[in-house]
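Keep the 3D view open as you read.

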Amino acid sequence: MADTVTLAEAVRELVHDGDTVALEGFTHLIPNAAGHELIRQGFRDLTLVRMTPDVVYDQMIGMGAARKLVFSWGGNPGVGSLHRLRDAVEHGWPVPLELEEHSHAGMAAAYVAGASNLPFGVLRGYSGTDLVARTRVATIACPFTGEELSAVPALRPDVGIIHAQQADRKGNVQLWGITGVQKETVLASARSIVTVEEIVDELEPRAGAVVLPTWVIDAVAEAPGGARPSYAHGYYDRDNEFYTAWDAISRDRDTFTAWMQEHVLEAVAA
Amino acid sequence: MTATSSEIATYTSDEMMAVEAARRLADGNVCFVGIGLPSVAANLARRTHAPNCVLVYESGTIGAKPTKLPLSIGDGELAETADAVVSVPEMFAYWLQAGRIDVGFLGAAQIDRHGNLNSTVIGDYAAPKVRLPGGGGAPEIATSVTDVFVMLRQTTRAFVERLDFKTSLGDRVRVVVTDLGTLEPRDGELTLVRVHPGVAVDDVRAATGWSLAVADDVGVTEPPTEFELETLRALETKGRE
């Protein structure tokens with residue numbers, strides 16, 4: 001059964017320095033509020049996992065929370081590069097960042113394997129690319145046909161964090177619209193936190209929705225606007241101006257640090 | 001064409017690229033689309049000669065029919081207008097890997113003469129000069145779709161003799177649309193088959209970091225028609241609202 005707690009309590013209880021933490025959201029329902037809470041609580045040496053690290057990962061990396069990033073595409077969607085990610089990789093600022101880099105198909109297969117409690121995922125992929133020499137991937141033969149395939153080790157984060165539209169009072173969660181890899185993230189992770197736009201008396205069934213029963217979740221925290229500046233389908237659209245503005249804010253270390261101080265460190269937790 | 005010469009002259013190289021790529025899509029093609037010029041091209045095709053083109057965005061929306069150009073692949077309108085919305089693992093396994101996509105658009109920071117692409121790093125991987133966003137869907141798009149369309153501005157920094165990193169393979173690249181012209185593979189090597197209006201073959205050679213093969217019958221791209229430009233600009237204006 002999920003405990004309904006504040007976001008600050010959920011993070012304090014379930015995340016530890018050095019953990020592998022996946023905050024997922026494939027361009028929609030990105031758990032920005034939860035990422036900010038991780039920053040405020042000052043975690044260090046995290047291995048951060050996400051298929052599409054964007055602004056909130058740039059912020060966590062720029063604040064020195066991460067030792068390693070497992071990812072497949074790291075950019076500011078529709079805008080360009082992540083300057084804090086680049087600074088960490090290219091110059092080790094504020095701390096060096098180790099990369100484990102996959103393709104989207106590989107990450108997706110690795111999450112499915114984790115959610116299925118299998119040791120690896122299998123796909124046709126990576127072959128012939130320079131990624132093979134730079135990441136955790138192996139060639140295996142199909143035991144039935146002999147076909148050569150790629151194996152990726154299962155993703156098993158210590159903590160999976162997602163944002164959803166709604167939970168009920170028992171902690172059952174429903175998300176809809178573009179649901180990405182969030183179900184797999186929760187099921188692959190040893191512990192999980194779900195932030196929601198609102199807690200309702202009863203979840204209304206919706207076509208195409210993902211429902212996660214309360215007993216696979218550790219903590220549910222109400223965080224209205226918790227995906228901002230990203231989208232929450234049915235609640236708000238992406239604040240595109242912010243994504244564009246982030247390019248300038250994040251280019252310079254001092255501007256970035258001052259912005260984080262004012263907008264994240266001094267902000268009140270949800 | 002009914003437009004006057006002054007009217008046809010006023011289009012940007014981005015518009016030429018989008019129009020040229022859109023024309024390559026056949027009606028009914030199932031195409032995997034990213035944000036930016038590929039999204040413009042695919043949406044333009046759907047509103048002009050290819051109304052039954054199926055737009056698939058890797059975020060999980062199959063058959064999306066956006067009324068405005070999406071700001072990112074997470075745009076809610078893609079889900080609202082789609083024939084089906086699937087999870088990301090399903091998208092890559094059941095739809096892409098299984099071979100259900102005809103055309104995939106790719107961009108990159110670097111391309112070589114075989115159509116191999118780099119979207120990972122400039123410089124050495126371990127100590128990069130520029131860390132790029134990374135491959136994302138590209139490695140498997142490049143080997144799973146029937147036809148890869150590449151859209152890329154042509155400069156000697158992008159069109160290189162040797163890639164700094166091979167992110168995806170060029171085996172299925174059928175066309176490369178640049179701001180200067182169109183390249184297609186001939187005898188295993190990208191060959192200039194058309195220049196855009198006002199561009200000389202030597203301009204394209206000068207913007208290519210290898211000794212560029214040029215087709216004997218190299219032609220000139222048909223400039224955007226009034227209808228194509230109007231449709232394209234209506235799309236873009238809506239996108240900026």
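Chain B holds eight helices and 14 strands. Bear in mind that this is a predicted model. On overall size, a compact globule of 241 residues would have a radius of gyration near 18 Å, and chain B agrees because its own value is 18 Å. Its C-alpha atoms fill a box of roughly 55 × 45 × 30 Å along the principal axes. Of the 241 residues, 56% count as buried. Among contacts in chain B with a separation of 6 or more, 64% are between residues 24 or more positions apart.

Now for the sheet. It is open, has ten strands with mixed pairing, and runs in the order β4-β3-β2-β1-β5-β10-β11-β12-β13-β14 (chain B). β4 (84–85) and β14 of chain B are the edge strands, each pairing on one side only. Helix α3 (residues 37–47) of chain B lies across β1, β2, β5 and β10 of chain B, and runs at about 150 degrees to β1(B).

| Strand pair | Sense | Bridges |
|---|---|---|
| β3(B) and β4(B) | antiparallel | two bridges |
| β13(B) and β14(B) | parallel | four bridges |

How many buried residues does β14(B) have among its eight residues? The count is zero, and this strand (residues 213–220) is hardly covered.

How values were computed. Residues are numbered from 1 along each chain as its sequence is written. Chains are lettered from A and ligands numbered from 1 in the order in which they are written. This is a predicted model: local features need pLDDT of at least 70, side-chain atom pairs count only at pLDDT 80 or more; totals for chains, interfaces and linings use all residues. A residue is buried if 20 or more other C-beta atoms lie within 10 Å of its own, exposed if 12 or fewer, and partly exposed in between; C-beta atoms are placed from the backbone. Two strands pair if DSSP finds at least two bridges between them. Two residues are in contact if their C-beta atoms, placed from the backbone, lie within 7 Å. Axes are lines fitted to C-alpha atoms, for helices over the stretch in contact, and angles run from 0 to 180 degrees between N-to-C directions. The radius of gyration is taken over C-alpha atoms; the globule rule is 2.2 Å times the number of residues to the power 0.38.
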